[in-house]
Every structure is written in structure tokens, then in C-alpha cells.
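Dear colleague,

I am passing on the structure we spoke about, and I would be glad if you could look it over before reading my notes.

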Amino acid sequence: MQQSTLNSTPVAPEHSDHLRRDFSEMSERKPSFFHRFLFARPPVLVVFIIAIFLLASVLYLDKNTGPFAISYFYAMPVLLMAWYLGRKAGFLMMVITMLTWYSADRLGYSGVTLPLKYAIANAITRVVLLSIAVLILCAFKDLNTQLEKMVEERTKSLRRLATQLSEAEDIQRRRLAHDIHDGFSQMLSALKLSLAASLSESRQDSPQWNRIKSSIDIVSDLINNARTLTFDLHPAMLEHLGLTPTLRHHAKQFTQQTGIDVTINEEDVSQSLPPVITNYIFRAVKELLNNSAKHGHAKQIIVSLYWSPASLRIVVDDDGSGFEPGVVLAPDVTRGLGLASIQERLGSFGGNVRIESNTQTGTRAVLEVPVTQEQHA
Ligand SMILES: Nc1ncnc2c1ncn2[C@@H]1O[C@H](COP(=O)(O)OP(=O)(O)O)[C@@H](O)[C@H]1O
Ligand SMILES: [Mg+2]
């Protein structure tokens with residue numbers, strides 16, 4: 001079993017309940033445990049209690065291990081507070097730790113009683129060193145936060161740009177489709193009518209009649225081609241009837257052209273998506289159907305749409321020859337760009353695509369896009 005991204009769901013021969021069960025698992029890539037641990041925001045009191053507990057433990061160990069052995073560990077509670085609660089909390093903990101440490105030195109807690117001037121000198125050195133450590137640590141954390149914010153903002157603006165590009169492409173496609181429909185197709189229809197008139201005026205089965213007849217056939221083919229081209233460029237029914245009926249319409253045509261049985265299933269009530277996304281999803285599903293026919297030589301394809309309040313998930317299953325999907329999602333000049341561009345484009349809408357494939361059961365492509373508006377902002 002090969003699969004390309006995050007998930008380990010095996011390819012099922014047909015759609016079943018597990019798709020619905022793991023619907024919610026298909027969210028954004030989760031940060032690692034280490035990252036979550038480091039950048040968690042625990043409650044202030046919890047951090048403070050842990051810091052005090054650490055200080056008490058170090059103090060206890062200090063008493064039992066003798067002088068100097070674990071002095072550096074006194075930095076732990078200070079750094080802990082500085083990392084999770086910020087600069088001021090770090091300095092506060094440093095004062096508490098230094099006072100404790102100073103008292104331990106003066107009371108001979110770890111076996112040696114330091115004279116006053118050494119204890120004060122020690123305390124000053126520690127304060128300076130720990131202050132520097134706190135400042136560096138907090139600067140590092142701030143830098144990280146700033147970088148994360150910057151990346152988030154850049155990602156948002158890239159998404160906006162991708163959406164704008166997509167919208168501009170849609171406008172051009174629509175304009176071209178209208179031009180073809182209103183100009184070219186109308187003229188072809190007029191030509192067909194005129195040829196039909198000439199046909200009726202000529203003697204049946206004469207050479208002239210046959211020529212006109214075959215011209216009419218060619219013009220009819222051209223009219224059909226223009227219609228397909230207009231639908232490919234901009235399926236007007238997408239705006240009027242919505243995604244599922246348009247997919248059904250396309251599936252019917254696809255079956256007529258290829259002989260492949262295509263079923264479209266829809267679960268739950270469809271919700272409105274921005275036109276730019278609906279347009280793109282339609283094109284993506286078309287690409288997946290073409291792949292199943294062209295590469296997988298499938299006999300049957302099932303397309304299922306699962307709507308949830310937060311997202312739309314589309315699963316395209318074929319029973320074709322399957323392939324090794326690991327590499328195809330990364331853009332590469334030596335390969336086709338179909339799947340890679342679906343990945344890019346859906347990513348720009350805040351969605352994602354997964355491909356699972358093997359040679360026994362075929363290929364499954366799972367597309368997911370968020371339905372909520374703020375994701376598309
Ligand atoms: N449904 C499928 N069945 C079998 N192989 C597939 C399928 N979809 C994609 N592939 C394989 O993945 C490759 C990349 O597909 P794609 O990115 O759409 O590019 P292209 O269709 O232009 O070759 C294909 O060349 C094919 O080898
Ligand atoms: Mg392709």
C-alpha cells in the first residue's frame with residue numbers, strides 16, 4: 001500500500017462509514033509533540049508551582065551532593081519561568097532563586113558556609129549571568145513568535161493572491177466561453193441552417209446533395225465541439241445549478257466518451273462555496289476522472305461528496321491499475337503537473353489533497369476544502 005501524505009487509511013473497494021468517521025481527522029498538519037511542548041501556553045500558576053518545585057528539588061539535591069556539584073541547576077526554574085511566562089516572570093523567579101541560593105550559601109546548607117563578601121560576590125555574578133540568560137532566551141522566543149506571525153501573514157497573502165489569480169482566470173474563461181457561444185457557435189448554427197436550406201433545394205443523392213450533406217455533418221461536429229469547449233472553459237450550469245448537478249452532467253458525458261461507469265454520490269446538504277472554489281473543485285475532479293481513464297484504465301469510478309459544517313470532502317475512487325503516489329504531488333518539470341497543481345491550488349484555499357493507491361484496488365484521491373469563509377480570506 002502506497003500513499004502520499006498524512007493518512008494511513010487503506011484503500012477500500014467502495015465508500016463506507018470509515019470515510020465519515022475519519023472526516024474530522026483530515027485537518028491541518030499537526031505540529032510535533034516537541035513543538036507543542038515547547039510552545040504551549042500553560043497557566044501561570046502551573047508554571048509557577050513547577051518552578052518552585054524545581055527550586056526545592058535543586059535545594060534538596062544541593063544539600064546532599066555537597067558544594068558546587070549542581071549549582072547550575074539553580075538556573076532551571078528561572079529559565080522555565082522566562083520561557084513560558086516571559087521576561088518579567090523570569091526576573092521575578094531569578095530574585096526568588098538568588099535569595100534562596102544566597103541564604104543557602106550563608107547558612108552553610110551545602111556543607112560550606114561562605115563569608116559575607118564571597119556570598120555577595122557570588123550572588124552578583126549569578127544575577128548578571130542569569131539576567132543575560134533570561135534576556136537571550138526571551139529574545140529567542142520573541143524572534144520565534146515574530147517569525148511565526150510573519151509566515152502566517154505571508155501565507156495568508158499568498159492565499160489571497162492565489163484566489164485573485166484563480167478569479168482572474170475564471171473571468172477570462174467565462175469571457176472566452178461567452179465569446180465562443182455568442183459569436184462562433186451562433187455563426188456555425190446560421191451556417192448549418194443555410195446548408196440545410198441548400199440541401200433541401202438540391203436533388204437528393206446528386207453529387208451536390210452529398211457534398212452539402214457531408215458539410216452539414218462537419219458543421220454539426222463543429223457545433224458539438226464548440227459546445228464541449230464552452231463547457232470546459234466555463235460550465236455556466238455550475239453557477240446556476242451548483243457543483244453536484246454539474247458533476248453529474250459531466251459524468252454522463254464522460255461515460256459516453258470513455259465507456260467508464262461514473263457514479264456521483266452526495267451526503268448531507270450542500271453548502272455554498274465561493275464561486276472561485278467551486279470552479280476549481282470542478283476542474284480538479286475533471287482532472288482526477290481523466291487520470292483514472294488515461295493512466296489507470298479504470299472501468300468504474302465513484303465520486304462521493306461529503307459535506308460537513310466545516311468542510312467539503314470529495315473522494316474519487318477508481319478500480320484502475322494504481323501507481324506509486326509518493327512523488328507525484330511534488331511539482332517537477334519532468335512529470336505531469338495535474339496532481340501537483342491540485343495540491344498547490346487546494347492548499348491556497350486552505351484545503352488539501354491525499355492520494356492513496358495500489359495495484360490491487362486502484363486509486364483513491366481525497367480532496368478537502370474548508371467551507372468557512374475566514375479560511376478563504
Ligand atoms: N488514477 C490513476 N491511476 C493510475 N495512475 C495515475 C492515476 N492518477 C495519476 N497517476 C499517475 O500519476 C502521474 C501524474 O499524474 P498527473 O499529475 O495528473 O500528471 P499527468 O496526468 O499530466 O501525467 C501520471 O503520469 C500517472 O502515472
Ligand atoms: Mg493528469
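For the packing of helices, the axes are lines fitted to C-alpha atoms over the stretch in contact, and the angle between them runs from 0 to 180 degrees between N-to-C directions. With that in mind, helix α4 (residues 75-85) packs with α6 at an angle of about 30°, and their axes lie 9 Å apart. Angles under 35 degrees count as roughly parallel, and α4 and α6 are therefore roughly parallel to each other. Their crossing is right-handed. On the α4 side the contact is made by A75, V78, L79, A82 and W83, and on the α6 side by L130, A133, V134, L137, C138 and K141.

Before going further, please keep in mind that this is a predicted model. The mean pLDDT of the protein chain is 84, with 86% of its residues reaching 70 or more. Confidence is lowest in helix α1 (residues 17-21), where the mean is 36, and highest in β3, where it is 96. Over residues 1-28 the pLDDT stays under 50, and for this stretch the model has 44 contacts beyond four places in sequence.

As for the overall make-up, the secondary structure of the protein chain comes to eleven helices and six strands. The chain has 377 residues, of which 25% count as buried. Among its contacts between residues at least 6 apart in sequence, 67% join residues at least 24 apart.

Helix α5 (residues 87-107) and helix α6 (residues 116-201) pack at an angle of about 155°, with 10 Å between their axes. Angles over 145 degrees count as roughly antiparallel, and α5 and α6 are therefore roughly antiparallel to each other. This crossing, too, is right-handed. From α5, the residues R87, G90, F91, M94, M98, W101, Y102, D105 and R106 take part, and they meet A119, N122, A123, R126, V127, L130, S131, V134 and C138 in α6.

Leaving aside residues up to four places away in sequence, V303 touches L247, V262, I264, V285, I314 and V316.

Helix α11 deserves a separate word. Its residues L339, I342, Q343 and R345 are buried, and the buried residues of this helix pack against α6, α10 and β5. Just after α11, G350 takes a positive phi of about 85°.

Which residues have a positive phi of about 70° although they are not glycines? One of them is D205, which is found in the loop between α6 and α7 (207-233). A residue counts as exposed if 12 or fewer other C-beta atoms lie within 10 Å of its own, and D205, with 9 C-beta neighbours inside 10 Å, therefore counts as exposed. D268 is another, and it lies in the loop between β2 and α10. Because D268 has 12 C-beta neighbours inside 10 Å, it also counts as exposed. As background, most residues other than glycine have a negative phi.

Finally, a note on T255, which is found in helix α9. T255 is partly exposed, because it has 15 other C-beta atoms within 10 Å. Not counting residues up to four places away in sequence, T255 touches I260, D261 and V262. T255 and Q300 are 45 residues apart in sequence, and their C-alpha atoms are 9.7 Å apart in space.

With best wishes

Definitions and conventions
Residues are numbered from 1 along each chain as its sequence is written. Chains are lettered from A and ligands numbered from 1 in the order in which they are written. This is a predicted model: local features need pLDDT of at least 70, side-chain atom pairs count only at pLDDT 80 or more; totals for chains, interfaces and linings use all residues. Two residues are in contact if their C-beta atoms, placed from the backbone, lie within 7 Å. pLDDT is the predictor's confidence in each residue, from 0 to 100. Helices (H or I, at least four residues) and strands (E, at least two) are DSSP runs, numbered from the N terminus. A residue is buried if 20 or more other C-beta atoms lie within 10 Å of its own, exposed if 12 or fewer, and partly exposed in between; C-beta atoms are placed from the backbone. Angles under 35 degrees count as roughly parallel, over 145 as roughly antiparallel, 65 to 115 as roughly perpendicular and the rest as oblique. A crossing is left-handed if the near helix is turned anticlockwise from the far one by less than a right angle, and right-handed if clockwise.
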